[in-house]
Amino acid sequence: MFERFTKAARSVVKGAAGHAERGGARSVDAEHLLLALLDREDTRAAAALGRLCPAERRPALVAALADARRRAGLSRADSEALAGLGIDVDAIVARVEETHGTGALSGGRRSPGRRPFSREAKTVLEKSLRVALARGEREIGDEHLLLALTTAGGVVAETLADHGVTYPAVEAALTASAPL
């Protein structure tokens, strides 16, 4: 599948691995793919993100991802479901962090070296292929990765949607953007 990735898409995958390593994550996750997309300039995905989530709004998006990571990656829907059972996720996070330190639920540290891709990240990569094929395109570009992230479900898709980055919005932004 990687032979179908454009240079920009390969750069995103490499950038995601870099984000995971710098953050001490055990694996490369969908969040890291998004962070790597946010680093890009002069690509179709960068243009779409620039239209939908301009630079001044990106710190809020990154902070929302960090907050979700702090809650062990639970989405808002997960937290609401647990609240329906009488479980206060914020209270649990506060108690755990009080005992074990800030970020204790964000996952353990891993020693330097290559990180595997999580099931979630692999799903995004697979969906990017399906998105490209559905659009009648032979190569997988970074725009296909962005579109796949919006449909993957979970924290990243939820955070993107909260910031106006949905599949239809990305498609419209890609159509409005001049080809790069």
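## What you are looking at

The model is predicted, so here are the ground rules: local features need pLDDT of at least 70, side-chain atom pairs count only at pLDDT 80 or more, and totals for chains, interfaces and linings use all residues. Residues are numbered from 1 along each chain as its sequence is written, and side-chain values use heavy atoms, with hydrogens and water left out.

How confident is the predictor? pLDDT is its confidence in each residue, on a scale from 0 to 100. The chain has a mean pLDDT of 85, with 79% of its residues at 70 or more. Confidence is lowest in helix H6 (residues 89-100), where the mean is 64, and highest in H8, where it is 97.

## The overall fold

The chain has ten helices and zero strands. Both kinds of element are DSSP runs numbered from the N terminus: helices are H or I runs of at least four residues, and strands are E runs of at least two. Reading from the N terminus, the order is simply α-α-α-α-α-α-α-α-α-α.

Of the 180 residues in the chain, 40% are buried. Buried means under 20% relative accessible area, exposed means over 50%, and partly exposed is in between (1.4 Å probe, protein chains only). The accessible surface comes to about 9700 Å², and 52% of that belongs to carbon and sulfur atoms; these areas come from the Shrake-Rupley method with a 1.4 Å probe, and for residues only the protein chains shown count as cover. Among contacts (heavy atoms within 4.5 Å) between residues at least 6 apart in sequence, 66% join residues at least 24 apart.

## The nonpolar core

In soluble globular proteins, nonpolar side chains tend to be buried together. A nonpolar core here is a set of buried Ala, Val, Leu, Ile, Met, Phe, Trp, Tyr and Cys residues joined through side-chain atoms within 4.5 Å. The largest one has 40 residues, and the members that touch the most others are Leu 33, Leu 34, Leu 37, Leu 146, Leu 149, Val 165 and Val 170. Elements giving two or more residues to this core are helix H1 (7-22), H2, H3, helix H4 (58-70), helix H7 (119-134), helix H8 (142-151), H9 and helix H10 (167-176). The top contributor is H2, with seven residues.

Setting aside neighbours within four places in sequence, Leu 34 is in contact with Leu 61, Leu 65, Leu 149, Val 156 and Leu 160.

## Around helix H2

Glu 31 sits in helix H2 (residues 30-39). Is Glu 31 buried or exposed? It counts as buried, because its relative accessibility is 12%. Not counting residues up to four places away in sequence, Glu 31 touches Leu 65, Arg 69 and Val 156.

Further along, Asp 42 lies in the loop between H2 and helix H3 (44-52). Asp 42 counts as exposed, because its relative accessibility is 69%. Most residues other than glycine have a negative phi. Asp 42, although not a glycine, has a positive phi of about 60°.

Gly 164 follows H9 and has a positive phi, near 80°.

In H10, the buried residues are Ala 169, Val 170, Ala 173 and Leu 174. Seen down the axis of H10, they fall within an arc of 135°, so they line one face of the helix; the arc is taken from the directions from the helix axis to the C-beta atoms. These buried residues pack against H3 and H8, while Pro 168 and Thr 175 are exposed on the other side of H10.

## Salt bridges

How many salt bridges are there? The count is three, where a salt bridge is a side-chain nitrogen of Lys or Arg within 4 Å of a carboxyl oxygen of Asp or Glu. One joins Glu 143 to Arg 44, with the closest N and O atoms 3.5 Å apart. This pair links distant parts of the chain, with Glu 143 in helix H8 and Arg 44 in helix H3, 99 residues apart. Glu 143 counts as buried at 8% relative accessibility, whereas Arg 44 is partly exposed at 22%.

Arg 135 pairs with Glu 137 (3.7 Å, N to O) and with Glu 171 (3.4 Å, N to O). Glu 171 lies in helix H10 and Arg 135 in the loop between H7 and H8, so that pair ties together parts 36 residues apart in sequence. Through shared partners, Arg 135, Glu 137 and Glu 171 form one network.

Technical notes. pLDDT = per-residue confidence, 0-100.
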